[in-house]
Amino acid sequence: MKTTITGTGSYIPTVTVQNNAFTNHRFLNSDGSGFKHPNGTIIEKFEAITGIVERRYAEKHLNASDLAFLAGEKAIADAGLDKETLDYIIVAHNFGDVADDVSQSDTLPSLASRVKHLMRIQNPKCVAYDLLFGCPGWIQGLIQARSFINSGIAKKCLVIGAETLSRVIDPHDRDSMIYSDGAGAAVLEANTGQSGEILAQEMATFAKEEAYFLFSDVSYSKNADPTKYIKMYGRKIYEFAVTHVPRAMKACLDKSGYGIEAVKKIFIHQANEKMDIAILKRFYECYGATPPDNVMPMNIHELGNSSVATVPTLFDMVRKGKLADQSVSKGDVVIFASVGAGMNVNAIVYKV
């Protein structure tokens with residue numbers, strides 16, 4: 001059974017936060033001590049490594065489920081779909097709805113149920129549920145939707161990745177500059193007669209030593225309240241990602257029946273520019289090759305790391321010609337790949 005992406009959509013928040021907005025932050029080490037370098041130097045080094053110049057934060061009145069709804073509506077319209085015919089709505093996220101002025105995560109009801117409610121879908125056979133799989137959650141949602149379609153229990157699925165990481169970051173942690181907000185979505189359908197097909201998939205969870213490379217913990221400031229924020233061991237994640245993501249991509253491409261020379265675009269989770277470039281180079285080294293120019297689109301420079309939203313947002317932008325010098329055409333072989341909390345890794349080969 002062929003599974004085709006028939007529509008995509010994304011919601012890019014309107015609040016732009018540039019790096020100089022962090023100039024007056026009081027950044028601290030994990031033990032509460034200060035850095036010897038001034039913030040200007042910290043920000044300069046941060047930009048050189050991550051590539052992030054600015055990021056987007058959600059408007060105060062919008063939560064993750066609202067962003068998901070807005071992206072999902074665009075994907076449905078793009079697919080020309082009657083939303084009452086959807087079999088599944090899958091929403092990937094990590095922190096649920098976190099209101100602008102409230103630190104507590106809210107996941108009751110699920111974000112997927114909230115999206116279905118906002119869409120005013122009446123059909124009870126449209127099953128809505130959430131997916132927690134770290135940053136690779138949206139790609140994992142595609143994998144699940146493909147399984148539903150291949151098994152014959154679904155014909156139309158909406159998969160959304162949405163997150164408001166700006167509301168779960170410690171202002172005293174310099175890693176807080178990485179994170180951003182956004183949402184991206186795709187409609188997947190069975191046997192539409194249109195071009196496009198998921199050809200192969202690969203996924204893995206490494207949890208023996210790696211489970212807590214990303215975790216929740218209190219602020220680095222000893223005077224802060226007991227609220228828990230997103231934390232990470234950046235060096236360990238980098239080493240993990242540049243080792244395991246290329247392997248997953250190779251395993252996936254080998255299953256697809258296509259060679260490295262057929263790959264036109266690679267959509268990698270926008271976590272860190274330096275890391276993504278290293279992943280790309282190591283992937284091509286698996287085949288004794290060098291990455292072609294322009295094969296890896298990036299939007300991290302302006303949008304930051306919005307977790308589950310980075311890959312679908314990036315793909316939607318390229319698919320619709322909204323990223324300079326980047327495009328996909330009918331028949332192109334592309335790869336989606338991601339890594340994140342768990343530690344989880346996955347990849348998909350898709351023929352446009």
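Is Arg-319 buried, partly exposed or exposed, and what is its relative accessible area? Arg-319 is partly exposed, because its relative accessible area is 30%, where buried means under 20%, exposed over 50%, and partly exposed in between (1.4 Å probe, protein chains only). The model is predicted, so local features need pLDDT of at least 70 and side-chain atom pairs count only at pLDDT 80 or more, while totals for chains, interfaces and linings use all residues. Residues are numbered from 1 along each chain as its sequence is written, and side-chain values use heavy atoms, with hydrogens and water left out.

The protein chain contains 8 helices and 13 strands; helices (H or I, at least four residues) and strands (E, at least two) are DSSP runs, numbered from the N terminus. The C-alpha trace spans about 60 × 50 × 40 Å along its principal axes. Of the 352 residues, 57% count as buried.

Helix 8 covers residues 310–319, and 9 of its 10 residues are buried. These are Thr-310, Val-311, Pro-312, Thr-313, Leu-314, Phe-315, Asp-316, Met-317 and Val-318. The elements against which the buried residues pack include strand 1 (3–11), helix 4 (137–151), strand 7 (181–190) and strand 12 (333–340). Gly-321, which follows helix 8, has a positive phi, near 70°.

Thr-310 lies in helix 8 and counts as buried because its relative accessible area is 3%. Apart from neighbours within four places in sequence, Thr-310 is in contact (heavy atoms within 4.5 Å) with His-269, Gln-270, Gly-304 and Asn-305. The Thr-310 side chain reaches the backbone nitrogen of Gln-270 at 3.1 Å.

Arg-319 also lies in helix 8. With neighbours within four places in sequence set aside, Arg-319 is in contact with Thr-6, Gly-7, Thr-8, Asp-78 and Val-328. The side chains of Arg-319 and Asp-78 are joined by a polar contact of 2.5 Å; such a contact is a pair of N or O atoms within 3.5 Å, and within protein one must be able to donate a hydrogen and the other to accept it, with residues adjacent in sequence counted only if both atoms are side-chain atoms. The C-alpha atoms of Arg-319 and Ser-329 are separated by 8.2 Å, the two residues being 10 apart along the chain.
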